[in-house]
Amino acid sequence: MNSGETASVVDERLDALGNTSRRTVLHSLLRERRDGGTTIDIDSFRQGPTGEEQVITLGHVHLPKLVDMGFVVVDGEARQVAPGERFDELVPLLEHLEMETNDPAVATPGDAEATNEEPTESRSR
């Protein structure tokens, strides 16, 4: 914590990252930014048989929380999410999670952890 930051600011950042769905959204926005984009289609978070339920939960629980904190903005009509005015506060934490964890919410697409695949060497046995 920087000397100018209060414990409540740190708690808020950790709360934003405290749920897998929110980490997935935030990390997806970071990846999108690295690729030169600025927004993500909310429906892109629809995965597997519970995909519709995931998108509904994002729209009613997780995205509003991130909007209230200022970390994202949502265009409900266009069904797009973009970084909010405070998004950059989370970038160092997201980058740390990328480098230091096996959290599937922040795994780079194609990583074994992200796809739940075993490494190639293990499959050949």
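User: What helix does R33 lie in, and what makes that a helix?
Analyst: R33 lies in helix α2, residues 20–34. Helices here are DSSP runs of H or I with at least four residues, numbered from the N terminus. Quick caveat: the model is predicted, so local features need pLDDT of at least 70 and side-chain atom pairs count only at 80 or more, while totals for chains, interfaces and linings use all residues. Residues are numbered from 1 along each chain as its sequence is written, and side-chain values use heavy atoms, with hydrogens and water left out.

User: Why is R33 called partly exposed?
Analyst: Its relative accessibility is 36%, so R33 counts as partly exposed. Buried means under 20% relative accessible area and exposed over 50%, with partly exposed in between (1.4 Å probe, protein chains only).

User: What makes the R33 and D88 side chains a polar contact?
Analyst: They're joined at 2.5 Å. The cut-off is a pair of N or O atoms within 3.5 Å; within protein, one must be able to donate a hydrogen and the other to accept it, and residues adjacent in sequence count only if both atoms are side-chain atoms.

User: Why are α1 and α3 called roughly antiparallel?
Analyst: Helix α1 (residues 7–16) and helix α3 (residues 51–69) pack at about 155 degrees, axes 11 Å apart. Angles over 145 degrees count as roughly antiparallel, under 35 as roughly parallel, 65 to 115 as roughly perpendicular and the rest as oblique. So α1 and α3 are roughly antiparallel to each other.

Methods:
Axes are lines fitted to C-alpha atoms, for helices over the stretch in contact, and angles run from 0 to 180 degrees between N-to-C directions. Helices (H or I, at least four residues) and strands (E, at least two) are DSSP runs, numbered from the N terminus.
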